[in-house]
Amino acid sequence: MGCGSFGRLLAGVVRRNPNTDLVAVCDEDETAGSAVGAEQGAAKVDIAGLRTLSPDLVMVATPNDTHLDAAAQVVEATANLFIEKPLATSINDAESLLTLASAAGSELFVGHVQRVLPGVLEVEARLRRGDIGTPRHYRARRLRRAIRNAGASWKWSHARSGGELLHEIHEIDLMTWLCGPGSRSWAFGEASDQQHLVAELEGGVIGSVTIGRDSHFPAWDIVIDGDDGSLRIDFLKAKGAVYRERTASNAWSLLGDPTADADLIAAAAGPQQYGGPNSTAPAWMMYAVDLEVSHVVAALNGGRNVLGEQPDDAIRVVCNATRYSVTPTDQQAP
């Protein structure tokens, strides 16, 4: 549901996955829905048609501020719901969405795709084993230069996207998923282009996340410091490692596939582009989303639902933050 750039990507991955069938696509924009349906060989239906089909899963990939309304329209038509990140743009909407899914008995998945990357799951396993002792500090940076694409203009709107901390919530989500929910948080900086978030987590970890889309010197990494060492994921190099006394050991792949890792390294070296309706996602992203869809299938067959754990913790950290920032302004693409 939603046939913009990411909805189109999801539809293609679902169609190609050997364990899933793409039943239909749905979009209030007749042109966009028909184009994606024709491209993927799937029926284009409206909400009434979706309810008639009663699919096993509906994937919601509409603009961020519409997730609750979209889910409310289709929750009775499906057994399960996948909501692209962020779950919502407010705590009230997030709570309502969780209540909606629970009342309908739906399995809920949130599109925090980084959780299912093999290199991130390796970090989780090492944390649970105590490889670095007690975690003390989580720090993450996602600093890149973004190209404004007129076809993705809502993503530049603070009102529609929820702002950069919510729209690029991945590293904040990993903070709360790996290190625990937040108790207090503070946000600094200009809301539309760059922000810095600091959080005290309930487990005692101090977290800091810097996100920006106007940097000409990129940085994209996560470090978790513990009493006995540090864990680091370097997205620019597509690898993770354990560090002790500044020496790396036991390095591992981020995506678990040399070709996908190489494509991520190449893509991360350039500017970030918010895709328009007809854009093509990079190969590494298609590979990551395929891992995500495969995880959903495994969870629906009785496996662990990593994407359903702590679904709104990151939303709470962002939305409850004490703000020290300029008044957010919408920045539409030219």
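Residues are numbered from 1 along each chain as its sequence is written, and side-chain values use heavy atoms, with hydrogens and water left out. Since the model is predicted, local features need pLDDT of at least 70 and side-chain atom pairs count only at pLDDT 80 or more, while totals for chains, interfaces and linings use all residues.

Let's begin with the sulfurs. A disulfide here is a pair of cysteine sulfur atoms within 2.5 Å, and by that rule the count is 0. Cys26, in turn, is in no disulfide, with the sulfur of Cys3 as its nearest. Both side chains are tucked away by the accessibility numbers: Cys3 is buried at a relative accessible area of 4%, and Cys26 counts as buried at 6%. (Buried means under 20% relative accessible area, exposed over 50%, and partly exposed in between, using a 1.4 Å probe and protein chains only.)

Next, the helices. Helices are DSSP runs of H or I with at least four residues, strands are E runs of at least two, and both are numbered from the N terminus. Helix α1 spans residues 5-16 and helix α2 residues 30-40; their axes come within 10 Å and cross at roughly 25°. Those axes are lines fitted to C-alpha atoms over the stretch in contact, with angles from 0 to 180 degrees between N-to-C directions. Angles under 35 degrees count as roughly parallel, over 145 as roughly antiparallel, 65 to 115 as roughly perpendicular and the rest as oblique, so α1 and α2 are roughly parallel to each other. On the α1 side, Arg8, Ala11, Gly12 and Arg15 make the contact, and Val36, Glu39 and Gln40 do so from α2 (contact means heavy atoms within 4.5 Å).

Now for the backbone. Lys85 and Pro86 are joined by a cis peptide bond, with omega about -10°. Pro86 sits in the loop between β4 (80-83) and α5 (91-104).

Glu245 is not a glycine, yet its phi is positive, near 50°. Arg246 also has a positive phi, about 65°, without being a glycine. Are these residues buried or exposed? Glu245 is exposed, with 76% relative accessible area, and Arg246 is exposed at 81%.
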